[in-house]
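This report describes a structural model, with attention to its charged pairs and to the contact between its chains. The sequence and structure are shown first.

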Amino acid sequence: MFTDELGQGGNAAGGPDNSAGHHGGAGEDLVQLITPGGERVSHPQYDAWVRDVSDEQLGSLYEDMVVIRRIDTEATALQRQGELGLWPPLLGQEASQIGSARSLRDDDFVFSSYRENGVAYCRGVDLADILKVWRGNASAGWDPYTINMATPQIIIGAQTLHATGYAMGIQNDGADSVAITYFGDGATSEGDVNEAMVFAASFQSPVIFFCQNNHWAISEPVRLQSHIRIADRAAGFGIPGIRVDGNDVLAVMAATREALERARHGGGPTFIEAVTYRMGPHTTADDPTRYRDANELEDWAAKDPIARVRGLLERKGLLTDELEGRVAAKADAVARDMRAGCINMPDPQPLDIFKHVYSTPNSWLDRQEDHYSRYLASFGDPAAANSEEGAR
Amino acid sequence: MTQMTFARAINSGLRKSLENDPKVILMGEDIGTLGGVFRVTDGLQKDFGKHRVVDTPLAESGIMGTAVGLAYRGYRPVVEIQFDGFIYPAFDQIVSQVAKLHYRTQGAVKMPITVRVPFGGGIGSPEHHSESPEAYFTHTSGLRVVSVSNPQDAHTVIQQAIASDDPVLYFEPKRRYHDKGEVDESIDPATALSMEKARVVTEGKDVTLVAYGPLVKTAKDAALAAADEGVSVEVIDLRSLAPVDFATLEASVRKTGRLVITHEAGQSGGLGAEVAASITERCFYHLEAAPVRITGFDVPYPYSKLEMHHLPGLDRILDGVDRALGRPNSLSGLEG
Ligand SMILES: Cc1ncc(C[n+]2csc(CCOP(=O)(O)OP(=O)(O)O)c2C)c(N)n1
């Protein structure tokens, strides 16, 4: 019963290797176009999907990955300095996020979890808007329609149903845009994700299920969520599943482009499992040394998604001082702007608490707002009201 | 007596239950190796093994539904819901299955399941991490609902909850996890004050102030501050939210003639409404003023920069005490 048997997983039984730390190794059935050493390898089916990626575009994918790693480091620093309450790092998942998000059109729509800050960057979000939520200044950082991306979902898996419903709407409208939803390996256990796949398959909706299998759901290894390869589950729902090296930006791009094409032409949903690794903690409040082995991290550091593209650029003679300088300057500028945007963010006002609960007036709430404003007015200085210590 | 934190006191209570009854099983996300995100189950898997302290897949309905099956089989599952806001995927299993099975089977099937829910705000978390969903469960027949406010109670009540043959929702005030207090681990939970009883925390004669969970400490502080102004406040820790120990409340209100109740959850349809109505029914002729509710607003739990406005603090409670006493207050001059 329970964990021991699950823990034996596929390995002991001779089944698929699904234990943390072993995914993505050589010889696995993973779509890969760039080796960890930075060598471009050919793939009979997926080469075609990235044939048009020019040297210049490769450089720009590299730039995006460096920039979002920098965003992550800067936000982590802001959290440590007390400017943010919490931050969920994406360190190690840059290729999965950039490779997929850079494949989307502006009229495609993204439904993500809390970790897809790289995707948000690609959608063109103002970085201070990403931070608003983690600073405690708002519960949603942007208007989803301005960047065609819903604000991050914290309830694990809930967004997959939203994406499926949105895709059903696209179908009704006869449009050719696509909804894509991002979630983790842990999320695949939730009912919502499974129900989303049932709906998507039944209606053949244009939705992409993009699972970043980063091997851990806080402290729980992926083998606890799935006894088989996650991508293989999709077949049971009648959805094509593909397992791609999530640390390989070109492979991710190829798989996403294929899925987008299928969806746009009435071919229905695709499930992509991007096999990657969360190199940092779950959030800044987490301590991964309690549950994971340092060796595992080392193994995965050797497959770093950024080092891989650098390797490829180097082999191609494209890694010039000019490129490196330009990328570093961009990362610095973005980090500087984000920090300034964070620190200069205006604080919300007390009565903002009552805003937007309803779109039309509500008598219960109006009364509460009236009473609370009278209460605040009973203090000379509203800021002093209601601290636990009291201000009498 | 040992000084320990709230979290440690629950941990020690869980440990005792695991030791005393081989049918007790802990289940939840991240409760094993990590010891839970709040470390409440720290070290328990190491000592009792993976079959008794189970890291489950990430699926709340799945956790609750399998706990139902285990209870059918004679186990006493203790489920951890990681945060209040994540209990909703499990809601159907709790209200349709856990709460009703005993009734539906005319007593044949017992559901001695304890659901531990870290709840409430004040820790600066993002959305879905600071909710007070207790009224959904107090409204559901078949469930017992408790909330503890200090390490000693946390320690004994968790054992009583696990020993109860009824399902118990055990709400842990997460902003008090690190508060320390004296805990006597030798107290026998079977003879200690029953989890169904409220407790008078601070005696007083002018106003009865009812609180539970995280706000008991705030209420005590408010009583101290009121005493400085010559007002004597009797603070009652409700402890059991379903059923409410009205006898203790009645006795107090008959003495003071005034009632203030405070909770973090929104006001409308909240537990404060139930207490106010029931006390009005029972003590109408002893009341000198209408009962006063000091609660969170009827808004989704706000982002952290505003949570101190939403949460009843000491001053807002004192303003409510003033209202109950007919002293000048922020609503003076308003009718109704
Ligand atoms: C319904 C629900 N249950 C529990 C949580 C608490 N929680 C937040 S993140 C997380 C782990 C998620 O793991 P995974 O889906 O693999 O995504 P990752 O964080 O690795 O990107 C958990 C348990 C939650 N947010 N929502």
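A salt bridge is here a side-chain nitrogen of Lys or Arg within 4 Å of a carboxyl oxygen of Asp or Glu. By that criterion, E63(A), E322(A), R326(A) and K330(A) are linked in a network of salt bridges. The model is predicted: local features need pLDDT of at least 70 and side-chain atom pairs count only at pLDDT 80 or more, while totals for chains, interfaces and linings use all residues. Residues are numbered from 1 along each chain as its sequence is written, chains are lettered from A and ligands numbered from 1 in the order in which they are written, and side-chain values use heavy atoms, with hydrogens and water left out.

Chain A contains 15 helices and 7 strands, where helices (H or I, at least four residues) and strands (E, at least two) are DSSP runs numbered from the N terminus. Of its 392 residues, 56% are buried; buried means under 20% relative accessible area, exposed over 50%, and partly exposed in between (1.4 Å probe, protein chains only).

Over all chains, the structure holds 44 salt bridges. The table lists examples, including one between the chains.

| Pair | N to O distance |
|---|---|
| D47(A) and R40(A) | 3.1 Å |
| R70(A) and E74(A) | 3.5 Å |
| D129(A) and K132(A) | 3.5 Å |
| K305(B) and D347(A) | 3.3 Å |

D47(A) is buried at 13% relative accessibility, whereas R40(A) is partly exposed at 33%. R70(A) and E74(A) lie 4 residues apart in helix α3 (residues 55-80) of chain A, and are therefore separated by about one helical turn. In this pair, R70(A) is partly exposed at 27% and E74(A) is buried at 13%. D129(A) and K132(A) are 3 residues apart in helix α6 (residues 127-135) of chain A, about one turn of the helix.

The contact between the chains (heavy atoms within 4.5 Å) takes 56 residues from chain B and 57 residues from chain A. The area buried between them is about 5,000 Å², of which carbon and sulfur atoms give 58%; buried area is the accessible area (1.4 Å probe) that two parts lose on being put together, summed over both. L58(B), Y303(B) and D315(B) supply 14% of the area that chain B buries against chain A, more than any other three residues. Between chain B and chain A there are 2 salt bridges.
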